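Hi,

Here is the structure for you to look through. Please open it first, then read my notes below with the view beside you.

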Amino acid sequence: MDTDNTFPRPNRRTFLKGFSLAVSTSVLGFPIFSLQGCQTSGSTSPESNRIQASASAGKKLGIALVGLGGYSANQLAPALQETEHCYLAGIVTGSPSKIPEWQKKYNIPDKNVYNYDNFDSIAQNPDIDIIYIVLPNGLHAEYTIRAAKAKKHVICEKPMATSVADAQRMLDACHQNGVLLSIGYRLHFEPFNKRVMELGQQQVYGKVQRIEAKDAFDITSSSPDIWRLNKKLAGGGPLMDLGIYCVQGAIYTMGQPPIAVTAKLGEVTKPTYFYDVEETIEWQLEFEGGVIANCMASYTQKADLLSGTAENGWWRVQPAFTYEGKKGETKDGPMPFENTYEQVQQMDSQALSFKNNQASVVPGEMGLRDVKILMAIYESAHANGKRVELS
Ligand code: NAD
């Protein structure tokens, strides 16, 4: 399955501890609540305690990357050379041709190399504490559940799943096997987006009145055959891949989940690419009190924005979601931050939460919440913009 057809994305490279409600230290020094609208798993089972006992003791936790495509090769594996609490211990791939280079580059022993058939035997490998699923979205559920059954903690890439039922099955499998699940939501670990959380949630400029979030790039420089354009593998089009950042951005600006959505599909201008998934989608998230987030995701446009307007001020991060080159400003001037290697902070934070047997700042419950919202957006778009309430 693991082939060399890695997708040429635009160059995208780019704390905290969890209690049942995660609290992070903000860039301003006051706490930010990151788990709005999520039910946390609460305390974990005795079995989980056993796993944790063996995994803690101060050592770096071993991560196995599942799927050696663009994101693993260009972002996660290099980031794992800089992490403090975890390291790249193993790989799981369907492409035998990739194995020698990965082993050599990252010093991975034969015993820590798996394919998709013998993957389940990773259960017996004490070097691997965490399994990181970096496969096409439609495969997240199967591999997360297999990882949970192997009694390993799991990090799963965004979007968590392509259906609410799958996301729920993933959470259930992790709970039943006493392991923790976290989502690869890297933006919770970098200063520009953390500042947006503060500005919105702490009402630095008064109550938020309006949010705008857009993420788009032109996918049509690549082949129409890529998995991102295949509904079964991707779950949908740019909403699943990019719109998830807009949904996340609006929620962490407000510090609460939306109560309803309305959406409409954009025009299809390139039918040879967009016969299975949408090309462009626009939607509105409605929050308690009537605040609206206007959002857009597209595979033929260019956008990367998270902005907010409040009673006494405004802010804009643009680009907001890309790995590198983020820039932010507020009504008082530029945001004074450097870009960070956010995957390093992300995986270190997740590894620490696993070591401490605590839900991470970006737990599976947050992934499930977001999949429910994505599905409600599609429901509205396919029903001529009907207002869909979120429970
Ligand atoms: P990619 O196409 O570059 O890599 C996908 C990998 O999965 C390849 O190694 C491919 O061989 C393998 N694979 C296994 N079964 C496959 C199948 N049936 N069809 C196609 N490929 C198959 O994709 P990517 O950009 O690395 O994305 C992987 C996951 O990571 C996705 O869920 C994506 O949303 C996520 N991602 C997250 C970020 C982020 O910033 N958090 C960035 C990029 C990708």
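**Helix α2**

Start with helix α2, residues 70-79. Its buried residues are Tyr 71, Ser 72, Gln 75, Leu 76, Ala 77 and Ala 79. Keep in mind that this is a predicted model. What covers those buried residues? The cover includes the strands β3 (61-66), β4 (86-92) and β6 (130-133), along with the helices α3 and α9. An α-helix has 3.6 residues a turn, so residues three or four places apart point the same way.

**The strands around β9**

Next, find strand β9, residues 208-216. Is β9 enclosed or open? Seven of its nine residues are buried, so β9 is largely enclosed by the rest of the structure.

β9 pairs with β13, which covers residues 303-310. The two run antiparallel, and eight bridges join them. Arg 210 stands opposite Thr 309 in β13. Glu 212 has Ser 307 as its bridge partner in β13.

β9 also pairs with β12, residues 292-298. Here the strands run parallel, with seven bridges between them. Ala 216 is bridged to Ser 298 of β12.

Now move on from β13 to β14. These two are antiparallel and share five bridges. A hairpin of two residues links β13 to β14. Look again at Ser 307. It is the partner of Glu 212, and it also stands opposite Arg 316 in β14. One more general point applies to strands. In a regular strand the side chains alternate between the two faces of the sheet.

Pro 159 lies in the loop between β7 (153-156) and α5 (164-176).

Another is the bond from Gln 318 to Pro 319. That bond is cis too, and its omega is near 0°. Pro 319 sits in the loop between β14 (313-317) and β15 (328-330).

**Two asparagines with positive phi**

Asn 107 is not a glycine, yet its phi is positive, at about 55°. Look for it in the loop between α3 (99-106) and β5 (113-114). Is Asn 107 buried or exposed? It counts as exposed, because it has 10 C-beta neighbours inside 10 Å, and the cut-off for exposed is 12 or fewer.

Asn 357 also has a positive phi, about 60°, although it is not a glycine. This residue is in the loop between α9 and α10. Asn 357 is partly exposed, because 19 other C-beta atoms lie within 10 Å. A residue needs 20 or more to count as buried.

**Pro 363**

Stay in the loop between α9 (342-355) and α10 (364-381), where you will also find Pro 363. Pro 363 is buried, because it has 29 other C-beta atoms within 10 Å. How many residues separate Pro 363 from Ser 182 in sequence? The answer is 181. In space, though, their C-alpha atoms are 4.2 Å apart.

That is what I found. Write back with any questions.

Best wishes

Note on methods
Residues are numbered from 1 along each chain as its sequence is written. This is a predicted model: local features need pLDDT of at least 70, side-chain atom pairs count only at pLDDT 80 or more; totals for chains, interfaces and linings use all residues. Helices (H or I, at least four residues) and strands (E, at least two) are DSSP runs, numbered from the N terminus. Two strands pair if DSSP finds at least two bridges between them. Two residues are in contact if their C-beta atoms, placed from the backbone, lie within 7 Å.
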